[in-house]
Amino acid sequence: MDDLSYQSGYGNTFSSESLPGSLPQTQNSPLLCPYSLYAEQLSGTSFTSPRSLNLRSWLYRIKPSVTHEPFTPRLPSHGKLLSEFNQSNSSATPTQLRWKPVDIPDSPTDFIDGLFTVCGAGSSFLRHGFSIHMYTANKSMENSAFCSADGDFLVVPQKGRLWITTECGRLQVSPGEIAVLPQGFRFSVDLPDGPSRGYVAEIFGTHFQLPDLGPIGANGLAAPRDFLAPTAWFEESHRPGYTIVQKFGGELFTAKQDFSPFNVVAWHGNYVPYKYDLSKFCPYNTVLFDHSDPSINTVLTAPTDKLGVALLDFVIFPPRWLVAEHTFRPPYYHRNCMSEFMGLIHGGYEAKADGFLPGGSSLHSCMTPHGPDTKTYEATITWGNEAGPFRIKDTMAFMFESCLIPRVCSWALESPFMDHDYYQCWIGLRSHFTREGANAERSNIHKEHGKD
C-alpha cells in the first residue's frame, strides 16, 4: 500500500474509476451501467438536508450490498461495546480519571475483537451522542469487513500502521495520522506492523466538519487540501463465507455472503472515508501574553444545533513555539462545562511531567478541576520570566471534547490499567500566597507591557 494514490480536499465532490469508462457520465442510475455494474447510493444525510450539508455517494459495484444472508447476533457476543449510555451499563463519576497504556493481547485479536468502549453519552438510537473507544490488536481481519450503522469513526492510531480497505478504496494510516470512516461504510483493517493500539471517537447523528476560522481569516489550522480521500480499487474474487460484521445499536451482528464488499469499480460523491496527517496542522498561539484556549487547535468538529457548542471536537497539541511574556505557559487550571478525554500518541504532554504515557488516556468530566501537575507548576515558576522562547517538540497529544457528560464503562473503571494514584499529581501543590510584593509585581507587569 506504500504507493497508494489519493484525492485531495475536504468536502469535495470526488469521482474515481479503476477501469476506464466505468463511471456513468450523464446520470447516476442508468438502465445499464458500464461493465454491467450495479448502481448503489450510500446516503450519509437525509434526502432533504440542505444542499450545503447533504452527503451522499454513488457506488458502481459488481454485486450490490443487499446480496447477503440475514443478519444474526454475533456469537460469542462482544460485550464491551456501547452506543447507549445509562445507569444499567455505565457509571457517572466527577473524579479525574487516568489510564496507563493498555497491553496488546498475546492471543490472536483483530481490530473488531480488540475494540472496546471507555466512555460515552447519549444514544445512537436517538441519533445524538458519542462513544470513545480504544483498540488493541495483533492480527489482520480475515475474510470479513466491519461497518458501524451507529456513527462515524474517527480513528487515531498510536502504535502500528493501519491498512484500511474501504468501499471507496484503500488508506494507509500511520501513527500521527487520523482516518475518518463515515457511518455505514464497510471496511477491513490489516496490521502490517503487527501489534497495534489506538483510539476511536464515534459520533451519533451528525458528521465531522472543519471548524470555522472566524478572525483567523481564510487560512490556518487544518487546510482542506491536506485531507486525502481514496481512489477506486476493487476485488472480484469469489469469497465463500465472507462475513459482514455490523455494529448496530452497540451490538454486533453478522451476515454471510460469497463476495468481497470491496467490489466497487467506480464511484462519485461527497460522502467518503478520508485521512489526515496531523503534522500538516498549522497551529496558532499567543505572541505576547496569556495562554490561548485549546479550541484554537481544533482539527475537526461535530457541531450541535446550538451555535458554538460541539457534540465532539477533535483538538491536538502539536509541536509549536511558546513565546508569551510574563505568562504561565502550560495549560491553565480549569473547570469546564465541556468534558475532556485526552490521549497521547507520542512524546510527553506539557501539563504532565509524569504518568501520562503514550497510549494512555485521561478523562476530566464536566466541571471537574484539572490542570498542570505539581512538578510542572513548580518547574514553570522556577524559570520565572527568564524562560525565553521555547519550542515544544517531539510530541502529539490530542483531546476529544464534548458538551455531553460521559458515563464510564464498568470494565474501564475496573481496568488493571486504571491509575488509582492520579490525584496524587496535584496533592503536592502548596500555597505560594503572600501579601508582600504584590504592588511591585504589578508594576513590573505594567512596565513590560509598555504601560505607565
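Q: How many charged residues are in the lining of the second largest cavity?
A: This is a predicted model, and the second largest cavity holds about 60 Å³ of space. Its lining includes Asn-285, Asp-290, Trp-321 and Arg-329. Sorted by class, that lining has four nonpolar and four polar residues, and the charged ones number two.

Q: What is the volume of the largest cavity?
A: Let's start with the count: the structure has four cavities of 30 Å³ or more. For the largest cavity, the volume is about 330 Å³.

Q: Which residues lie nearest the centre of the largest cavity?
A: Strands E24, E25 and E26 each give at least two residues to the lining of this cavity. By class, the lining splits into 14 nonpolar, nine polar and six charged residues. Out of 29 lining residues, those nearest the centre are Pro-294, Phe-317, Pro-331, Met-342 and Tyr-349.

Q: Which element supplies the largest share of the lining of the second largest pocket?
A: That pocket has about 790 Å³ of space. Its lining counts 31 residues, with Arg-329, Pro-330, Thr-380, Trp-383 and Ala-387 closest to the centre. Helix H1 (374-383), E27 and helix H4 (438-448) each provide at least two lining residues. The largest share is six residues, and the element behind it is H1.

Q: Is His-326 buried, partly exposed or exposed, and what is its relative accessibility?
A: His-326 sits in the loop between strand E24 (320-322) and strand E25 (339-346). Its phi is positive, near 45°, and it isn't a glycine. Buried would need a relative accessible area under 20%. His-326 therefore counts as partly exposed, with a relative accessibility of 21%.

Q: Is Asp-394 buried or exposed?
A: You'll find Asp-394 in the loop between strand E27 (390-392) and strand E28 (396-402). It has a positive phi of about 55° without being a glycine. The cut-off for exposed is over 50%. At 58% relative accessibility, Asp-394 is therefore exposed.

Q: Which residues does the cis peptide bond with omega of about -10° join?
A: Most peptide bonds are trans. Here the spot to look at is the loop between strand E5 (72-73) and strand E6 (90-91), where Pro-76 is found. The cis bond, with omega of about -10°, joins Leu-75 and Pro-76.

Q: Which residue is the bridge partner of Ala-302 in E23?
A: Strand E22 (residues 298-303) runs antiparallel to strand E23 (residues 310-317), and five bridges join the two. Together they form a hairpin with six residues between them, and Gly-308 in the turn has a positive phi of about 80°. E22 is mostly covered, with five of its six residues buried. Across in E23, the partner of Ala-302 is Leu-312.

Q: How far away is the nearest cysteine sulfur to that of Cys-33?
A: A search of the whole structure turns up zero disulfides. Cys-33 is in no disulfide, and the nearest cysteine sulfur belongs to Cys-168, at a distance of 16 Å.

Q: Is Cys-282 buried or partly exposed?
A: For contrast, take Cys-33, which is buried with a relative accessible area of 8%. The cut-off for buried is under 20%. Cys-282 has 35% relative accessibility, so it counts as partly exposed.

Key
Residues are numbered from 1 along each chain as its sequence is written. This is a predicted model: local features need pLDDT of at least 70, side-chain atom pairs count only at pLDDT 80 or more; totals for chains, interfaces and linings use all residues. Side-chain values use heavy atoms; hydrogens and water are left out. Buried means under 20% relative accessible area, exposed over 50%, partly exposed in between (1.4 Å probe, protein chains only). Helices (H or I, at least four residues) and strands (E, at least two) are DSSP runs, numbered from the N terminus. Two strands pair if DSSP finds at least two bridges between them. A disulfide is a pair of cysteine sulfur atoms within 2.5 Å. On a 1 Å grid over the protein atoms alone, a cavity is a set of points where a 1.4 Å probe fits but cannot get out, and a pocket is an open set with protein on both sides within 12 Å along at least five of seven lines; lining residues have an atom within 4 Å of a point. Grid points are joined across faces, edges and corners, and a volume is the space filled by probe spheres set on the points. Ala, Val, Leu, Ile, Met, Phe, Trp, Tyr, Cys and Pro count as nonpolar, Asp, Glu, Lys and Arg as charged, and the others, Gly among them, as polar.
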